[in-house]
Amino acid sequence: LSSLSVPNIFFLRRRRLFMSKTEFVNAEGLRIDGRRPHEVRNIRCRFGLLAEPDGSAYLEQGNTKVLAAVYGPRESTLRHEVLHDKALFTCEFNMTPFATGERKKRPKNDRRSVEIAQVVRQSMESVVMSHLFPRSQIDIVIQVLQADGGVQAVSINAASLAMADAGIPMRDLICACSAGYLEATPLTDLNYTEENGGGPRLTAAVLPTSGKVVTAHMEGKAAPEVFERVLSLAVDGARAVHTRVQKELTEHAVALANTRGLLTF
């Protein structure tokens with residue numbers, strides 16, 4: 001036998017058998033979770049759940065659940081990395097041991113976690129008006145409570161909402177969405193089963209007002225025409241996400257202003 005244990009071999013065989021029998025889009029044009037190919041998952045968000053951070057947001061996108069916290073802008077604790085003309089960003093990404101069905105603890109600095117943290121940080125750097133806060137630091141902490149696909153996209157969305165909750169000025173409310181190509185069908189906002197279906201997939205972070213793609217991360221190989229279709233779907237999905245979260249963010253802002261007596265009718 002190879003270095004794989006016997007239980008792991010049986011697990012991989014069962015997984016391959018499951019994937020070979022999975023019908024990602026049925027004859028009625030519906031996906032495993034009942035959505036149409038171009039539909040994003042249900043979204044639910046809450047703000048200001050944590051007392052210590054300057055801003056926080058909890059975001060559910062389907063069964064993927066992410067909590068994001070933002071600290072700052074504050075005096076930089078990384079003296080050797082301080083930037084004299086803008087704020088310095090840091091991002092920490094964590095996934096709870098019970099976030100996936102595998103029930104195993106992910107190492108804190110594994111490659112995937114570092115990669116997602118870097119993408120979230122870069123996405124926030126592209127949209128926050130950091131020149132207003134020279135020699136300061138903004139820290140982002142992402143905690144994945146449940147992972148059912150689209151973790152990178154949902155982490156970006158949660159971080160963006162936490163930034164807004166902290167009152168940090170941004171050029172736009174950056175939003176992200178995943179898309180993929182399975183059984184010759186392009187799909188928007190992939191769940192876990194679809195992500196592991198063997199087809200190419202892409203996550204794009206978008207500035208909804210301008211339509212500018214800030215980051216795009218592709219996994220798997222795809223022909224140029226397939227890539228263009230998947231990217232277009234991801235951009236449309238990000239705009240759909242923006243429409244939903246913007247509504248909830250506006251309601252939160254109005255409620256907060258009303259509580260503080262800032263609104264008069």
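Analyst: Let's start with D189, which is buried, at a relative accessible area of 1% (buried means under 20% relative accessible area, exposed over 50%, and partly exposed in between, with a 1.4 Å probe and protein chains only). Keep in mind that this is a predicted model: local features need pLDDT of at least 70, side-chain atom pairs count only at pLDDT 80 or more, and totals for chains, interfaces and linings use all residues. Residues are numbered from 1 along each chain as its sequence is written, and side-chain values use heavy atoms, with hydrogens and water left out.

Where does D189 sit? It is found in the loop between β7 and α4 (192-195); helices (H or I, at least four residues) and strands (E, at least two) are DSSP runs, numbered from the N terminus. The backbone of D189 has a phi near 55°, a positive value in a residue other than glycine.

Now for the partner. D189 forms a salt bridge with R41, and the closest N and O atoms are 3.0 Å apart (a salt bridge here is a side-chain nitrogen of Lys or Arg within 4 Å of a carboxyl oxygen of Asp or Glu). R41 lies in the loop between α1 and β1, so this pair ties together parts that are 148 residues apart in sequence. R41 counts as buried too, at 4% relative accessibility.

For contrast, look at E125 and R121, whose salt bridge has its closest N and O atoms 3.1 Å apart. Both lie in helix α2 (residues 111-127), four residues apart, or about one turn of the helix. E125 is partly exposed at 33% relative accessibility, and R121 is partly exposed with a relative accessible area of 24%.

Back on the backbone side, E183 has a positive phi as well, near 50°. E183 is in the loop between β6 (175-182) and β7 (185-188), and at 45% relative accessibility E183 counts as partly exposed, whereas D189 is buried.
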